[in-house]
Amino acid sequence: MLTDGFGRVHDSLRISVTDRCNIRCFYCMPDGLVAFEPRENLLSFEQIERFVQIAASLGVTKIRLTGGEPLVRRDLPVLVRKLAGIPGIRDLALTTNAVLLAAHAQTLYDAGLHRLNVHLDTLDRAKFQHITRRDDLPRVLEGLQVAKQTGFKIKINVVAVKNLIEPDLVPMAHFCRDQGFEPRFIEFMPLDSQHLWDRSKVLTADEIVRTLSQQVAPLEEVPDRDRRAPATEYRWADGRGRIGLIASVTRPFCLNCNRLRLTSDGKLRYCLFAVEETDVRQLLRSGSDAEIAAALRSNVAAKWLGHEINSQRFVPPPRPMYSIGG
Ligand code: SAM
Ligand code: SF4
C-alpha cells in the first residue's frame, strides 16, 4: 500500500500523456508561443505501462489519463488497451476537451475506456471562443454526441470563473439534465500559466449551488458520497441526475486525498500544487522495478498535509495545469 505520513492510502493515479494542447483556455495556457516539453522527453507507452504495473502492485486501482490534451497524443487507444489489461486496475477514465473526440470515441471504447470527463464551460459559441481562443464548440458538441451514442459515461468539467461563467450555469445544468451528463463545477485554481488567478475570480461552490437550486430545481447533498472523492455530490430533488462541486479553494479536501500524478515527462507529484517532484523517467529507462517502487513509496511518504491556497504561505507550483496534468 502507498500510505503517506498522515495515514492516507493512495490508490488513484493521474497520468499526463502530453503537455501539448489544441486549444488555449486562458485559465490554463498562455495565448502565444508555448515552450512544450521536447518529444524525446515524453514517457513511451511501454514505460507508462510498466509504471502502472508497479503502481498496481502497490495498491493503485484507479487511472485517469489527462494532459495537456490527451487526444493529441498519437495512438492513445494503444495505451488504453495496455492499461485496461493490467490486473488490479478497476477504473480507467480520460479527461479531454473533446475537440478530437468524435473521431476517436469508438476506438477508445473498444480499447477498454468507458468513462470520460469532457471539459466544456459554455454552450455559447462566442463565449467558448473567448475562453479557449479557438472556434471549436461545434466539434466539442459533436464529440459529446458521438461519445454518448458509443456508450460512454460522461461528466462535464466546468471551470468556475467569477464574473464570466454565471450566465452559463443554468443552460449547462439543463443541457446536462437533458443529455444524461453529470456536470462538475471546478473552482478556478491558481494553476494558470499567466498568473491571472486571485481569490476574487473564484466562483464558489456555494454560489453555484444557490443559483442552480433557485433557477433550475432544488438540490440536496448526497449523504453517502465517497469521502475520498474530490467532488461534493448533490442530486436534483426531482430525480433527474446529479452535479459535482470541486471546491478546492473554499472547501479543500486534502485530508482525504488519495491521488498521485505522473507528468508526461516522467515526474511523480504527490499533489497538484506540489513544489517538489520525483524523477522516474531515468528509472524507467534503466532502473529496476524495485527501484521504481521505492521511488513511488518515498514520494508518497514525503506528501504534505495539504496545499495552502488559503494561507499567506501559498507558493504557486512551478508548472501550470497543462504541464502537470489536471
Ligand atoms: N485538456 C483536457 C481538459 O481540458 O479536460 C485535460 C487536461 S486539463 C488541464 C484538465 C482539467 O483541468 C480541465 O478539464 C479543466 O476543467 C481543469 N482546469 C484547467 N485549468 C484550471 C484552473 N486554473 N483551475 C481549475 N481547473 C482547471
Ligand atoms: Fe488545453 Fe485542457 Fe488546458 Fe484547456 S484546460 S488549455 S483544453 S489542457
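Predicted model: local features only at pLDDT ≥ 70, side-chain atom pairs only at ≥ 80, totals over all residues.
Visitor: What makes Cys176 count as buried or exposed?

Guide: The relative accessibility of Cys176 is 1%, and buried means under 20%, so Cys176 counts as buried.

Visitor: What about Cys271, and how many disulfides does the rule give in the end?

Guide: For Cys271 the nearest cysteine sulfur is that of Cys254, 6.2 Å away, and Cys271 is in no disulfide; with the cut-off set at 2.5 Å, the count comes to zero disulfides. Cys271 has a relative accessibility of 12%, and because the limit for buried is under 20%, Cys271 counts as buried too.

Visitor: Why are the buried residues of helix 3 said to line one face of the helix?

Guide: The buried residues of helix 3, which spans residues 101–111, are Leu101, Ala105, Leu108 and Ala111. Seen down the axis of helix 3, these buried residues fall within an arc of 140 degrees, so they line one face. Their cover includes helix 2 (76–84), strand 3 (91–96), strand 4 (115–119) and helix 5 (137–150), and just after helix 3 comes Gly112, with a positive phi of about 120 degrees.

Visitor: How do the residues of the shell around ligand 2 divide?

Guide: Around ligand 2 stand Cys21, Ile23, Cys25, Cys28, Met29, Gly68, Asn97 and His119, and this shell divides into five nonpolar, three polar and no charged residues.

Definitions and conventions. Residues numbered from 1 in each chain as written. Chains lettered and ligands numbered in written order. Heavy atoms only, no water. Near = heavy atom within 4 Å. Nonpolar A, V, L, I, M, F, W, Y, C, P; charged D, E, K, R; others polar. Buried < 20%, exposed > 50% of the residue type's maximum accessible area, 1.4 Å probe, protein only. Helix = DSSP H or I, 4+ residues; strand = E, 2+ residues; numbered from the N terminus. Arc of directions from axis to C-beta. Contact = heavy atoms within 4.5 Å.
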